[in-house]
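Please keep the structure in view while reading.

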Amino acid sequence: MTEILWIDPVGHADFSGDIGDILAEAARPDTTVDVTALDRGPHHVEYHYYESLVTPDVLHRVKRAENEGYDATVIGCFYDLALEEAREVSDSMPVVAPAEATTHLATTLGDSFSVVVGRQKWVPQMRDRVRAYGFGDHLASFRPVDLGVLDFQDDPDRTERRLREAATAAVEEDNAEVVILGCTAEYGFYEELQDDLGVPVLDAVTAPFKFAELLADLADLGWSHSKVGGYESPPVDEIARWGIADDYENADVWTEESEP
């Protein structure tokens with residue numbers, strides 16, 4: 001049995017029910033999934049300030065998930081919020097995020113990909129992510145649709161129309177062989193789009209979840225993120241000596257049992 005936790009890194013649960021249903025349908029018979037949102041904070045993370053506010057809670061939620069025995073965790077934000085930091089605090093549990101998962105998958109499914117995003121505001125940070133992952137040469141374009149995170153599910157007809165226009169332009173004008181829907185709030189549209197366009201359209205909810213299932217399997221072989229170098233964990237005795245767990249009201253997260 002594989003147990004995966006999906007973390008919505010915002011202080012609301014507007015999409016959690018829908019995402020839970022989508023993941024339950026996509027899961028293998030031996031996979032269970034739990035979806036959780038933060039208890040406080042902004043309702044989206046379209047700004048660096050909002051990301052900074054939620055990052056400590058996301059990291060402690062990741063560590064708690066490992067302590068509770070989850071086999072993998074997905075941080076549900078296409079900015080891949082705190083992904084590297086989360087892999088530091090996780091001893092051996094794989095941690096996945098949408099941009100890394102979808103871009104890796106896209107480059108196995110085609111030579112070039114485009115990312116359909118909500119607003120131009122998002123593009124610089126996401127472009128930096130794509131380049132950091134080594135896929136800059138495969139990036140055909142970003143195509144904004146002028147919708148914020150909280151707009152996507154408000155008017156599904158409008159959302160589908162704009163996603164279709166952007167995805168069509170990405171394929172016909174930018175020569176994208178794969179299209180990525182670059183926000184977890186863009187769920188529910190990929191199947192019709194890819195049927196019409198004739199190219200893979202990667203959903204930012206389903207793709208990282210399936211990637212997490214794979215990495216959970218690989219972890220059984222001892223293949224998880226390396227703890228030598230970039231993902232080396234902070235020393236638990238140092239965290240205790242500085243009182244960090246108490247300062248951040250997460251005394252249950254950092255224990256002797258959680259020491260790498």
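Is Asp30 buried, partly exposed or exposed, judged by its relative accessible area? Asp30 has a relative accessible area of 35%, and therefore counts as partly exposed, where buried means under 20% relative accessible area, exposed means over 50%, and partly exposed lies in between, computed with a 1.4 Å probe on protein chains only.

The model is predicted, so that local features need pLDDT of at least 70 and side-chain atom pairs count only at pLDDT 80 or more, while totals for chains, interfaces and linings use all residues. Residues are numbered from 1 along each chain as its sequence is written, and side-chain values use heavy atoms, with hydrogens and water left out.

**Salt bridges**

The structure holds 15 salt bridges, a salt bridge being a side-chain nitrogen of Lys or Arg within 4 Å of a carboxyl oxygen of Asp or Glu.

| Asp30 | Arg28 | 3.3 Å |

Glu213 is buried, with a relative accessible area of 2%, while Arg28, at 24% relative accessibility, counts as partly exposed. The pairs belong to a network of salt bridges that links Arg28, Asp30, Lys210, Glu213 and Asp217.

Glu160 and Arg164 both lie in helix 6, where they are four residues apart, about one turn of the helix. Glu160 has a relative accessible area of 22% and is partly exposed, and Arg164, with 25%, is partly exposed as well.

**Packed helices**

Two packed helices are described by the angle between their axes and the distance between the axes. The axes here are lines fitted to C-alpha atoms, for helices over the stretch in contact, and the angles run from 0 to 180 degrees between N-to-C directions.

Helix 6 (residues 156–172) and helix 7 (residues 190–197) have axes that come within 11 Å and cross at roughly 40 degrees. Helix 6 and helix 7 are therefore oblique to each other, given that angles under 35 degrees count as roughly parallel, over 145 as roughly antiparallel, 65 to 115 as roughly perpendicular and the rest as oblique. Their crossing is right-handed, a term used if the near helix is turned clockwise from the far one by less than a right angle, with anticlockwise giving a left-handed crossing. In this contact (heavy atoms within 4.5 Å), Glu160, Leu163, Arg164, Ala167 and Thr168 of helix 6 meet Glu192, Leu193, Asp196 and Leu197 of helix 7. Sorted by class, the contact has four nonpolar, one polar and four charged residues, where Ala, Val, Leu, Ile, Met, Phe, Trp, Tyr, Cys and Pro count as nonpolar, Asp, Glu, Lys and Arg as charged, and the others, Gly among them, as polar.

Helix 1 and helix 8 pack at an angle of about 50 degrees, and their axes are 10 Å apart, which makes helix 1 oblique to helix 8. Helix 1 passes helix 8 in a right-handed crossing. Ile22, Leu23 and Ala26 of helix 1 meet Thr206, Phe209 and Lys210 of helix 8, and the residues of this contact divide into four nonpolar, one polar and one charged.

**Individual residues**

Most residues other than glycine have a negative phi. Ala82, however, has a positive phi near 60 degrees, and is found in the loop between strand 3 (72–75) and helix 3 (83–89). Ala82 counts as buried, at 9% relative accessibility. Asp146 also has a positive phi, of about 60 degrees, although it is not a glycine. Asp146 is found in the loop between strand 6 (139–144) and helix 6, and counts as exposed, at 61% relative accessibility.

Definitions and conventions: Helices (H or I, at least four residues) and strands (E, at least two) are DSSP runs, numbered from the N terminus.
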